[in-house]
Amino acid sequence: MKTIINWTAVLFLSMWFMACSSTTAPNETVEKAFTKKFGNVESVKWTHNADYSYAHFTQDGKAVVAVFGNDGQYIETDAAKPVN
């Protein structure tokens, strides 16, 4: 019984994480801010939540993630693993 409860909790937690994150393109304001900051970058993959948009891409041969507020405000760029 304990195993069933644990797996059920894991399943619901996983579904909650997927619901909180989306991989669709960000709003137009964020896309414009990204292009202004980084230019035309190939193979940008986006994730976002209610507050932030994350652009996953390669810069100078390194995987990075740029964080923008959903209002287009640039927050930071940091090293990251690429999104598959």
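Start by selecting aspartate 60, which is exposed at a relative accessible area of 75% (exposed means over 50% relative accessible area, buried under 20%, and partly exposed in between, with a 1.4 Å probe and protein chains only). Aspartate 60 lies in the loop between β2 and β3 (strands, E, are DSSP runs of at least two residues and helices, H or I, of at least four, numbered from the N terminus). Its phi is positive, about 55°, although aspartate 60 is not a glycine. Most residues other than glycine have a negative phi.

The model is predicted, so local features need pLDDT of at least 70 and side-chain atom pairs count only at pLDDT 80 or more, while totals for chains, interfaces and linings use all residues. Residues are numbered from 1 along each chain as its sequence is written, and side-chain values use heavy atoms, with hydrogens and water left out.

**The whole chain**

Zoom out. There are two helices and four strands, in the order α-α-β-β-β-β along the sequence. Of the 84 residues in the chain, 23% are buried.

**The strands**

Select residues 52-59 and 62-69, strands β2 and β3, which pair in the antiparallel sense over eight bridges (two strands pair if DSSP finds at least two bridges between them). The two strands form a hairpin with two residues between them, and aspartate 60 is in the turn. Within this pairing, histidine 56 stands opposite valine 65 in β3.

Across the pairing, tryptophan 46 stands opposite alanine 55 in β2.

Centre on alanine 55, which counts as buried because its relative accessibility is 0%. Now show the C-alpha atoms of alanine 55 and phenylalanine 68: the two are 13 residues apart along the chain and separated by 8.1 Å.

Next select histidine 48 in strand β1. With a relative accessible area of 18%, histidine 48 is buried. Its side chain makes a polar contact of 3.1 Å with the side chain of threonine 24 (a polar contact is a pair of N or O atoms within 3.5 Å; within protein, one must be able to donate a hydrogen and the other to accept it, and residues adjacent in sequence count only if both atoms are side-chain atoms).

Step back to serine 43, in the loop between α2 and β1. Serine 43 is not a glycine, yet has a positive phi of about 60°. It counts as exposed, at 63% relative accessibility.

Select α2 and show its side chains. The buried residues of the helix are Val30, Ala33, Phe34 and Phe38. They lie on the same side of α2 because they cover an arc of only 105° around the axis (the arc is that of the directions from the helix axis to the C-beta atoms). Glu28, Lys32 and Lys36 are exposed on the other side.

**The aromatic rings**

Show the rings of Phe34, Phe38, Trp46, Phe57, Phe68 and Tyr74, which ring pairs link into a cluster (rings of Phe, Tyr and Trp, its six-membered ring, pair if their centres lie within 6.5 Å; planes under 30 degrees apart count as stacked, over 60 as edge-to-face and the rest as tilted). The count by this rule is nine aromatic pairs. One of them is phenylalanine 34 with tryptophan 46, edge-to-face at 5.3 Å centre to centre and 75° between the planes. Phenylalanine 34 lies in helix α2 and tryptophan 46 in strand β1, so this pair ties together parts that are twelve residues apart in sequence. Both phenylalanine 34 and tryptophan 46 are buried.

Move to phenylalanine 38 and phenylalanine 68: their ring centres are 6.5 Å apart and their planes at 80°, so the pair is edge-to-face. This pair links helix α2, which holds phenylalanine 38, with strand β3, which holds phenylalanine 68, 30 residues apart. Both phenylalanine 38 and phenylalanine 68 are buried.

Finish at tyrosine 74. The charged end of lysine 37 sits over its ring, 4.4 Å from the ring centre (a charge sits over a ring if NZ of Lys or CZ of Arg is within 6 Å of the ring centre and within 35 degrees of the ring normal).
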